[in-house]
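Me: I would like to learn how to read the features of a structure. Please take them one at a time, general idea and then the case at hand.

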Amino acid sequence: MAELESLETAAEHERILREIESTDTACIGPTLRSVYDGEEHGRFMEKLEARIRNHDREIEKMCNFHYQGFVDSITELLKVRGEAQKLKNQVTDTNRKLQNEGKELIIAMEELKQCRLQQRNISATVDKLTLCLPVLEMYSKLREQMKSKRHYPALKTLEHLEHTYLPRVSHYRFCKVMVDNIPKLREEIKEVSMSDLKDFLESIRKHSDKIGETAMKQAQQQRNLDNIVSQHPRISGGKKSKKEACASSELEVKNTSPMSEQDSGILDVEDEDEDEEVPGAQDLVDFSPVYRCLHIYSVLGARETFENYYRKQRRKQARLVLQPPSNMHETLDGYRKYFNQIVGFFVVEDHILHTTQGLVNRAYIDELWEMALSKTIAALRTHSSYCSDPSLVLDLKNLIVLFADTLQGYGFPVNQLFDMLLEIRDQYSETLLKKWSGVFRNILDSDNYSPIPVTNEEIYKKIVGQFPFQDAELEKQPFPKKFPFSEFVPKVYNQIKEFIYACLKFSEDLHLSSTEVDDMIRKSTNLLLTRTLSNALQNVIKRKNVGLTELVQIIINTTHLEKSCKFLEEFITNITNVLPETVHTTKLYGTTTFKDARHAAEEEIYTNLNQKIDQFVQLADYDWMAMEPGSKASEYLVDLIGFLRSTFAVFTHLPGDADAHSTMSGKVAQTACMSACKHLATSLMQLLLEAEVRQLTLGALQQFNLDVEECERKTQSCPLP
């Protein structure tokens with residue numbers, strides 16, 4: 001057992017020794033600890049000493065074996081040291097020479113190095129400048145464009161600069177400054193272009209009347225041209241229609257680039273002669289500020305903002321344009337300027353509608369036109385009601401028609417304007433009636449109420465040419481001779497025709513049918529006859545100082561005017577081409593008018609005669625207590641009979657150129673005579689039956705009877721049948 005343990009211990013110690021020999025020094029700790037952990041460390045030390053001695057013997061053997069070689073090596077090494085020292089000295093000397101010789105080369109190499117560095121830097125700089133210069137050039141171009149107010153090109157340049165050039169050099173500081181500046185530049189372009197638009201809108205507002213005047217001149221020329229073409233169809237081939245003219249004008253304006261470099265709003269145009277061609281209304285306006293501003297805002301994504309601003313401003317301008325001046329009704333120029341401004345406004349809007357896509361639309365234009373139409377019609381109704389001059393009303397009508405035709409040519413509905421003209425027509429008729437009331441009054445006041453004397457054939461034909469009168473007996477009579485009527489007959493007849501012409505003038509260009517025109521003229525003429533002329537005649541008849549001779553002449557005159565009514569009917573038929581037999585044709589009431597005037601004159605004759613008789617009877621001075629009668633009739637009665645004879649002699653001048661006329665004239669004379677005699681008889685009876693006459697003598701009765709017999713005798717010799 002002890003032997004076995006001894007063998008194991010020896011084997012363990014051998015293993016430990018091998019580990020010590022083969023293990024790294026840093027890791028020998030655990031091996032030595034295993035020795036000290038055992039109880040045989042003494043024996044291990046012995047073994048270790050023995051192993052060391054073995055290694056020492058091996059080293060000694062090896063050294064003895066290699067000693068001569070070691071000595072030889074040392075000897076060789078000493079020899080090599082001498083040679084090495086020589087070589088070192090040679091190398092040192094060669095190096096010194098080389099260093100001395102290479103100094104210039106080193107300097108040259110340093111210079112070459114610096115040149116190469118500079119060359120590399122220059123090349124890099126050129127490359128970088130090649131990238132930066134286009135950016136700087138574009139930025140310079142941008143500033144130049146903005147300085148010269150070329151805003152739309154400036155915006156395009158800005159887009160190229162931002163998206164194409166700046167990204168290539170975005171790491172440079174100056175580029176960052178530019179990038180930060182781009183929103184400010186955009187805002188500046190927006191503000192400047194909006195400022196140009198405001199200038200344009202202000203200029204348009206100031207020059208609307210000029211634009212409208214030109215458009216209305218164009219419409220007038222087109223209407224004149226249409227009239228010429230309708231009269232001479234052959235020459236129409238060489239003329240442009242209105243649509244063609246407008247189309248060519250539109251095309252010219254559309255061809256104008258919105259990139260135009262000019263920002264002026266209105267072009268100056270001198271007044272042209274009537275014979276020269278009037279430029280198109282669009283030719284007066286440079287719309288490029290609107291186009292540029294629209295494009296700029298579209299590119300900037302703010303088109304809706306621009307559209308709202310434009311429409312809002314134009315609505316405000318429309319309200320200003322539609323506000324008429326307070327004294328517009330005083331002159332035609334006031335109306336003309338008002339219409340010019342409205343036409344100018346809508347010509348501009350119509351052009352904007354057709355040359356921009358969506359800036360304004362048809363609904364917006366229609367809304368503006370509805371507002372304009374209502375305000376214009378209201379203003380015209382108000383201001384035209386102040387007008388009392390028919391010439392001004394007629395000129396206003398012609399101006400309204402031209403205004404309507406002009407806007408109709410641009411596609412605006414104008415039916416309401418023509419409906420309003422029918423209202424103004426009634427007012428025009430009233431102003432005509434007032435004017436002709438004064439005309440008739442002047443004619444009747446200035447008339448001498450005596451038959452017109454003619455001394456030669458020329459004067460006779462002149463009067464017959466003025467008034468439709470035919471009398472074979474009068475034609476046969478030698479000169480000098482007299483017409484049965486006084487001067488107011490042809491004057492009144494001609495004034496009635498003038499009135500009809502004035503009514504016809506208003507109905508022109510109103511797009512009325514011939515029947516409507518005829519009906520309007522006849523109704524207005526009836527008002528003239530039954531109201532205006534009738535009142536004038538009644539006023540003359542009822543005048544205090546009118547004499548029997550004048551009343552007789554009025555009867556004669558109204559008789560002839562009554563006959564002329566059929567000629568007035570024919571006159572109206574000729575100018576309207578509507579036959580009197582047409583259904584619903586209004587008849588003239590002239591016959592009634594002149595009959596009423598004649599009856600009033602007859603009544604006035606009877607009344608005047610009776611008043612004169614009363615005046616003479618009041619002069620009667622009977623002595624009811626006289627014992628003897630006088631030898632002749634009373635003086636007052638002789639004077640009265642003389643007056644009546646001279647008065648009834650006037651009735652022999654009543655016209656008798658026709659049987660019916662003669663019968664009527666005789667009836668008037670007979671009625672006047674019978675009325676006078678009856679009134680005289682009644683007045684004489686009243687003298688006898690007065691309450692103051694208490695008693696009568698036979699002599700007084702005989703004198704009274706003598707006066708009555710004188711009346712009977714003179715009545716039998718009356719000049720009237």
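Predicted model: local features only at pLDDT ≥ 70, side-chain atom pairs only at ≥ 80, totals over all residues.

Me: Start with the whole chain. How many helices and strands does it have?

Reply: The protein chain has 22 helices and 2 strands. Of its 721 residues, 39% are buried. Among contacts with a separation of 6 or more, 79% are between residues 24 or more positions apart. The accessible surface is about 42,200 Å², and carbon and sulfur atoms hold 53% of that.

Me: Next, the core. Which residues have the most contacts inside the largest nonpolar core?

Reply: The general idea comes first. Nonpolar side chains tend to be buried together in soluble globular proteins. Here the largest nonpolar core holds 170 residues. Those with the most contacts inside it are Leu197, Phe339, Phe346, Phe483, Phe488, Ile496 and Ile605. Helix 5 (residues 173-231) gives this core its largest share, 14 residues.

Me: Take one of those. What is isoleucine 496 in contact with, leaving aside neighbours within four places in sequence?

Reply: With that exclusion, isoleucine 496 touches Phe440, Thr525, Leu528, Leu529, Leu533 and Leu568.

Me: Now the surface. Which residues form a nonpolar patch there?

Reply: Tyr67, Phe70, Ile74, Leu77, Leu78 and Val80 do. Together they have about 630 Å² of accessible area. One of them, isoleucine 74, sits in helix 3 (residues 41-147).

Me: Why does isoleucine 74 count as partly exposed?

Reply: Its relative accessibility is 36%. Buried means under 20% and exposed over 50%, so a value in between is partly exposed.

Me: On to the rings. How many aromatic pairs are there, and how do I read one?

Reply: Two values describe a pair of aromatic rings: the distance of the centres and the angle of the planes. The structure has 26 aromatic pairs. In one, phenylalanine 287 and tyrosine 291 have ring centres 6.4 Å apart and planes at 35°, so the pair is tilted. Phenylalanine 287 and tyrosine 291 are both buried.

Me: Give me another case. What is the geometry of tyrosine 460 and phenylalanine 479?

Reply: This pair is edge-to-face, with 6.3 Å centre to centre and 80° between the planes. The partners are 19 residues apart, and the pair links distant parts of the chain. Tyrosine 460 is in helix 13 (residues 457-466). Phenylalanine 479 is in the loop between helix 14 (472-476) and strand 2 (481-482). Tyrosine 460 counts as buried because its relative accessibility is 7%. Phenylalanine 479, at 31%, counts as partly exposed.

Me: Last, the backbone. What kind of peptide bond joins phenylalanine 479 and proline 480?

Reply: Most peptide bonds are trans, and most residues other than glycine have a negative phi. The bond between phenylalanine 479 and proline 480 is cis, with omega about -5°. Proline 480 is in the loop between helix 14 and strand 2.

Me: And phi? Where does tyrosine 449 lie, and is it buried or exposed?

Reply: Tyrosine 449 has a positive phi of about 55° and is not a glycine. Tyrosine 449 lies in the loop between helix 12 (415-446) and strand 1 (453-454). At 4% relative accessibility, tyrosine 449 is buried. Histidine 511 also has a positive phi, near 60°. Histidine 511 is in the loop between helix 15 (488-507) and helix 16 (514-541). With a relative accessible area of 58%, histidine 511 is exposed.

Note on methods:
Residues numbered from 1 in each chain as written. Heavy atoms only, no water. Core = buried A, V, L, I, M, F, W, Y, C linked by side-chain atoms within 4.5 Å. Buried < 20%, exposed > 50% of the residue type's maximum accessible area, 1.4 Å probe, protein only. Helix = DSSP H or I, 4+ residues; strand = E, 2+ residues; numbered from the N terminus. Contact = heavy atoms within 4.5 Å. Patch = residues over 30% accessible without salt bridge, like charges linked within 9 Å, V, L, I, M, F, W, Y side chains within 5 Å. Areas by Shrake-Rupley, 256 points an atom, 1.4 Å probe, with all protein chains shown as cover. Salt bridge = Lys/Arg side-chain N within 4 Å of Asp/Glu carboxyl O. Phe/Tyr/Trp six-rings, centres within 6.5 Å; stacked < 30°, edge-to-face > 60°.
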